[in-house]
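Please work through the following exercises on salt bridges and helix geometry. Each task is followed by a stepwise solution.

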Amino acid sequence: MHRATGNLPTPVCPSPALTVTDREGRVAYWSARAQEMTGTPSAHAVGHRLEHVLGGTPPLRSRLAAAIGLARRTGRRTGPVLLEGTTAHRIAVEFHPLRPSGEVAAVLSEPVGPSGPRPQWEYLRAVVDRSPVPMAAFDTDLRYVLVNRALQTLNNLPEAVHLGRTITELLYAAGFSADQAIQVLRTAQGVLQSGEPVRDELFVPKPGDDDLRSWTTSWYRLDDTDGGVLGVGVEVSEVTERERITAEAQTGRERLALLAEVGSQIGSSLDVARTCRQLADILVPQLADHVAIDLLTSFIHPERPWDFREVASADLQRVTLRTHGPGEATLRAGVPAVGEVFRMPPGSLVHQCLTRNEPIPLNFPSHSNHGDARARAAQKAVAASGVHSTVLMPLSARSTPLGILSLGRHRNRAAFEDSDLPLLRELASRLAVSVDNAHLYEREREAAHTLQRRLLPEHTEAHPGTEIAHRYLPNSTSPTIAGGDWLDIVRLPGVRVALVTGDVMGKGMGSMALMGQLRTTLSSLLTAGLPPDEALHHLDRLVAQAGPFQLATCLVVVYDPATGDCQATAAGHLPPLIRSPHGDTRYADVPPGAPLGVGDVPFETVDVPAPGGSLLALYTDGMVENVHTDLTHGMEELRRALARNHRDVEGICDRLLDELITEPRTDDLALLVARVQTLPADAVVSWDLDTSPTAPRTARGMVRRQLAAWDLDDLVETTELLVSEVVTNAVRYGAPPVRLRLLRLETLRCEISDRGRMLPHLQLADPSDEGGRGIHIVSLLSRTWGTDRTDRGKTIWWEQDINPAAGHAAPAPR
């Protein structure tokens, strides 16, 4: 018996004829066999166009001309074309290009049936012809022997073209791809050799196939009654609709899975850039080969809001770029990089997409020259990278445009279709909502932090005898929820300074609002001269009025560089930490007191030893307590850290935070570090004055002699005038005793105190008034001035600039 081989067999035709056409399609050679088969003599063929020599009808001549042209252009064999409608209707013509001459050889052949008489074929023909299912039978050389009308209709070829030709020849003629033809041939050969049938083998179109139909084939070997092999039979069924439904169902499942993955990933981070990257990582390469996300700069930077529809153009900022495939380098080199800002001209495709809020599909290279020069360059880079299909999806939330989601596919996968748009709309919608939520979160966090920073001291003012630095850190686990930790630096009458830290229990805007009230109230009370324990008593009532469950803690440390005195008052707060100039570091023994809000409890003020050069650290519990650190251990760690750090106060703050804050915190914290220094003894002088009419003259003499001793003779005249005016007022309107104090700091500071409670104020005197000009003169001739209420009465003070050019350097604090 015959065995099938893997080589593609050529048609077995009795004496095929050969003709050759030149580059213009005219017959250059006409063989005797061609004359015999067609009945056309050589004289009537040579020099004439082949389609006119062979074709009897205009449609046939058109098919012949098309086949000849296709063979010449592609360099591949074309045909066969059956000469229907002519006397030679049993003849089929194949065309073979002859390169590089440009000529085409035409081979004319007559198909034959199976060799040798086989009566079994006749019985089989009766079955095949009557079957409504497309069927065919092949001999052992895998040439068509029988083919019914159903298969002829399916292949769109008549029986005469089938018979005697191999499987691959007919599949080529029917428009199947080479891959599909080889697959069918191998299946038939396997069945012929093994005798094992193959059922429902599926053939589906591949990207780029002209024929989009799907088929199943069932193969079986044909044996005669003697056990010999006749060949193979095949039954063909078109399952295009079934496969379409199956593919749509599979696509639906894949899209649901994609949406589920997107839903579980994006939105988990309240960070705009990370959210965009998460979506891009999911979409590439599952859905696209190229994804870019661009957001309007007016959305990213809301402090400059404007409506892009009302202006000539708008700016976009690239937030994410994710690409995959062989053209990645080309694409990245030609498109905007992450972080780059580029213009969106009016009328451009991006502008249209946003203003209309509708997706815009693009096919390259047809859209590669749209927009301005930058846009055209980007589009050319996209096309050059192999992307042939792109969709621009608008991003909008709360009826506000946010940006653009761009997706692209390479040529090795199908282009985007209308059926993809619902999925892309859903993806764009989810991304827009997640990005908008992340952006709102960032704005809320920034607003909370800005408000809290405004409630804290923004700048550390210089205070005589003190170097101060402070830090505030919000909690890191819920940064949008403001806390109630606070600190303050309050200048007190004289050269004293109050260092304050506090903590309102709870979190949120309510705690932050109460914190602002407490800070402002305490600062006002201390500035007005109330002692710390009395000021905290007023704060205790304020917190109690805020609610039954509201509590707060506070610590006030008052330092006087003129005397070196340091006092502390606590209301349920942690004690201050003090490092002496010799390195001894300990917590001050300060009674903790009850928290503010308990109501009607006393607060005790105690002296705290703090010699010149000492470091004071005030802090809240967030500095020393965390979920993994108890309070006692945290306080010990802070004590050791301060003992190791004793340089400038700014550096100490940074080092303490670096060493102690090493993990996420659930609470905010405040830290205040101060180095205190005592003023030199010769920089402060004071006198008690009597209330006699000669007191102003006595004061002028004291001032004159002291300024001469300080080498400040250029300030004598002005200082005498101001001291004389204020001492006169104290003698006439105040209460004894009257005290005069001079402090030589960076400026010359003068203080006059008495027991009177009424504070003078600046006023305009009429020309006829005998008084009312003293404070006005002070305001005109001093650098700055003020009045303070103290526990002993009042103090009027002013400062005068010391001219550094005259060599009046201030003495260094001790």
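**Exercise 1: a salt bridge between strands**

R318 is buried, at a relative accessible area of 7% (buried means under 20%, exposed over 50%, partly exposed in between, with a 1.4 Å probe and protein chains only). The model is predicted, with local features requiring pLDDT of at least 70 and side-chain atom pairs pLDDT 80 or more, while totals for chains, interfaces and linings use all residues. Residues are numbered from 1 along each chain as its sequence is written, and side-chain values use heavy atoms, without hydrogens and water.

Task: Determine which residue forms a salt bridge with R318.

Solution. Step 1: apply the criterion, a side-chain nitrogen of Lys or Arg within 4 Å of a carboxyl oxygen of Asp or Glu. Step 2: the partner is D294, with the closest N and O atoms 2.6 Å apart. Step 3: D294 lies in strand β11 (residues 290-296) and R318 in strand β12 (residues 314-323), so the pair ties together parts 24 residues apart in sequence; strands are DSSP runs of E of at least two residues, and helices runs of H or I of at least four, numbered from the N terminus. Step 4: D294 is also buried, at 4% relative accessibility.

**Exercise 2: a salt bridge within a helix**

Task: State where R33 and E36 lie relative to each other.

Solution. Step 1: R33 and E36 form a salt bridge, the closest N and O atoms being 2.9 Å apart. Step 2: both belong to helix α1 (residues 32-38), where they are three residues apart and thus separated by about one helical turn. Step 3: E36 is exposed, with a relative accessible area of 61%.
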